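I opened a new entry to note what I looked up in this model. I wanted the fold, the core and the charged pairs.

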Amino acid sequence: PRLPLLGPVKARTRGRSLTERKAYMTAVLAFLATRPHGATPDELADAMGITPAKARGYAKIVRDWLGQNPRTGTTHLPDARHAPSALARGVPVYAVQVALVDAHLYGRLRARGQARGSDGIPDLISALGLVTGRPFDQLRPGAWTWLYDGDRLDQHLVCAVVDVAHIVTTHALQSGDSETARKACELAATAAPEEDRPFLDLAAVADAEGRGDEIHTVLRDHVLN
């Protein structure tokens, strides 16, 4: 199963097809998939504003939707009583197993790239290749209240994209590769249009390319407005 969060959110699964409430169940899946240690039925119910009984019913729908892992024959969302996280915490826990969440892969690529210094720039460029727009874009109204409470995962991802793009842009300009620099900061501007950093980087790219008019346009329209 795949769950892209670095752009429009749209789950891709291989289990039982959903004909109703797919957007809502995507929000349920995203909540569970972004809990490092899983979520209890009560935590899921509280996040979605529903009863614990309904939370258990929705978890079963998501379980059937995700399907089975063909390598192990077990479901990608195990019974809350038998999940590895449940054994560790001592309480029933819903924890998604072996789902490809682009934000998790982005974090691993970023960490490895930054740990390797200049040799890690290809990892950072690969991380940026996962970004398709604003993180958590095109959400169904009413199903994502949990995203805006407490630790703002969407804002963390925005900052992560801006930071990596800035590193790639800076390195590319120092290497005389304005094409890579421009791609990086334009991608960051798409993911974080309210942030100044991508547009300041874009102005720096324009300066390196001798595009004086573009510098003034970018600063006027996106930084000094």
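**Notebook: charges and core**

I keep in mind that the model is predicted.

Where do Arg182 and Glu214 sit in the chain? I first checked the contact: their side chains form a salt bridge, N to O, at 3.0 Å. The pair links distant parts of the chain, with Arg182 in helix 8 and Glu214 in helix 10 (residues 212–223), 32 residues apart.

**Other salt bridges**

I counted 15 salt bridges. I looked at two further pairs.

Arg197 pairs with Asp201, with the closest N and O atoms 3.4 Å apart. Both residues lie in helix 9 (residues 197–208), 4 residues apart, about one turn of the helix. Are the two partners buried or exposed? Arg197 is partly exposed, because its relative accessible area is 33%. Asp201 has 5% relative accessibility, so it counts as buried.

Asp79 and Arg81 also meet through their side chains, in a salt bridge of 2.9 Å, N to O. Asp79 is partly exposed at 27% relative accessible area. Arg81 reaches 55%, so it counts as exposed; the cut-off for exposed is over 50%.

**Fold**

I stepped back to the whole chain. I find 10 helices and 2 strands. From the N terminus the order is β-α-α-α-α-β-α-α-α-α-α-α. The C-alpha trace spans about 60 × 35 × 30 Å along its principal axes. Of the 225 residues, 43% are buried.

**Core**

Which residues touch the most other members of the largest nonpolar core? I noted Leu3, Leu32, Leu44, Tyr106, Trp144 and Trp146, in a core of 53 residues. Several helices each supply at least two residues of this core, including helix 1 (22–33), helix 3 (52–66) and helix 7 (153–174). Helix 1 gives the largest share, 9 residues. In soluble globular proteins, nonpolar side chains tend to be buried together.

**Surface**

Arg2 lies in strand 1 (residues 2–3). Its relative accessible area is 45%, so Arg2 is partly exposed.

Note on methods. Residues are numbered from 1 along each chain as its sequence is written. This is a predicted model: local features need pLDDT of at least 70, side-chain atom pairs count only at pLDDT 80 or more; totals for chains, interfaces and linings use all residues. Side-chain values use heavy atoms; hydrogens and water are left out. Buried means under 20% relative accessible area, exposed over 50%, partly exposed in between (1.4 Å probe, protein chains only). A nonpolar core is a set of buried Ala, Val, Leu, Ile, Met, Phe, Trp, Tyr and Cys residues joined through side-chain atoms within 4.5 Å. A salt bridge is a side-chain nitrogen of Lys or Arg within 4 Å of a carboxyl oxygen of Asp or Glu.
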